[in-house]
Amino acid sequence: MNNGVALTMETKQRGNVFQCDVRSSGPQSEQLRALGKLDPILFSRSRLLILAYLGAVSEATFTELRTGIGATDGNVFVHLNKLCERRYVLKRQGRRPGKETIICITPDGRKALHRFRMALTQIDGSTESESKKDE
């Protein structure tokens with residue numbers, strides 16, 4: 001369905017923050033602009049779950065995290081590495097040999113999660129006001 005919306009989306013890095021630049025026109029342009037506040041790394045369900053889980057508990061062992069989000073070892077490992085690259089989480093080994101890896105959310109990770117929530121709230125709020133106009 002074509003509702004007169006032209007959308008251009010480009011991912012850019014600004015310092016430690018990755019954002020989508022969204023240029024749009026048409027009736028949903030406000031919601032689409034809110035998409036530009038979302039970090040594309042969090043578009044992955046697994047990465048968003050990891051960050052949300054750690055946001056709730058602050059830190060967890062690898063096993064607790066894997067069990068908490070219901071993912072496989074390999075899936076958690078891959079997505080944790082991507083989040084570590086962005087400095088959203090930190091991994092550290094337990095103090096004694098054989099101790100499990102402990103993962104914690106960083107201040108940057110908390111900010112990214114907050115920005116994600118706020119952008120979704122803005123999109124949801126814009127959608128609600130558009131729905132009320134249609135009634």
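Me: What should the 13 residues of H2 span at 1.5 Å a residue, and how far apart are its end C-alpha atoms?

Reply: Bearing in mind that this is a predicted model, the 13 residues of H2 should span 18 Å at 1.5 Å a residue, and the end C-alpha atoms are 18 Å apart, which agrees.

Me: And which residues of H2 are buried?

Reply: The buried residues of H2 are Ser 46, Arg 47, Ile 50, Leu 51 and Leu 54. They cover an arc of only 130 degrees around the axis, so they lie on the same side of H2.

Me: Which exposed residues sit on the face turned away from that buried side?

Reply: That face of H2 carries Arg 45 and Ala 56, both of them exposed. Just after H2 comes Ser 58, which takes a positive phi of about 75 degrees.

Me: Back to Ser 46, why does it count as buried?

Reply: Ser 46 has a relative accessible area of 11%, and buried means under 20%, so Ser 46 counts as buried.

Me: What does Ser 46 touch, leaving out residues up to four places away in sequence?

Reply: With those left out, Ser 46 touches Ile 69, Asn 75 and His 79.

Me: Changing topic, how do the axes of H2 and H4 cross?

Reply: The axes of H2, residues 45-57, and H4, residues 73-85, come within 9 Å and cross at roughly 75 degrees. That angle makes H2 roughly perpendicular to H4, because angles of 65 to 115 degrees are counted that way.

Me: Which residues make the contact?

Reply: From H2 the contact is made by Ser 46, Arg 47 and Ile 50, and from H4 by Asn 75, Val 76, His 79, Leu 80, Lys 82 and Leu 83. Sorted by class, the contact of H2 with H4 has four nonpolar, three polar and two charged residues.

Me: OK, now H4 itself: which of its residues are buried?

Reply: In H4 the buried residues are Val 76, His 79, Leu 80 and Leu 83. Their arc around the axis is only 110 degrees, which puts them on the same side of H4.

Me: What do those buried residues pack against?

Reply: The buried residues of H4 pack against H2, and also against helix H3 (62-69), strand E4 (89-92) and strand E5 (102-105).

Me: And what about the length of H4, and what follows it?

Reply: H4 has 13 residues and reaches 18 Å from its first C-alpha to its last, close to the 18 Å expected at 1.5 Å a residue. H4 is followed by Arg 87, whose phi is positive, near 65 degrees.

Key
Residues are numbered from 1 along each chain as its sequence is written. This is a predicted model: local features need pLDDT of at least 70, side-chain atom pairs count only at pLDDT 80 or more; totals for chains, interfaces and linings use all residues. Side-chain values use heavy atoms; hydrogens and water are left out. Axes are lines fitted to C-alpha atoms, for helices over the stretch in contact, and angles run from 0 to 180 degrees between N-to-C directions. Helices (H or I, at least four residues) and strands (E, at least two) are DSSP runs, numbered from the N terminus. Angles under 35 degrees count as roughly parallel, over 145 as roughly antiparallel, 65 to 115 as roughly perpendicular and the rest as oblique. Contact means heavy atoms within 4.5 Å. Ala, Val, Leu, Ile, Met, Phe, Trp, Tyr, Cys and Pro count as nonpolar, Asp, Glu, Lys and Arg as charged, and the others, Gly among them, as polar. The expected span of a helix is 1.5 Å times one less than its number of residues. Buried means under 20% relative accessible area, exposed over 50%, partly exposed in between (1.4 Å probe, protein chains only). The arc is that of the directions from the helix axis to the C-beta atoms.
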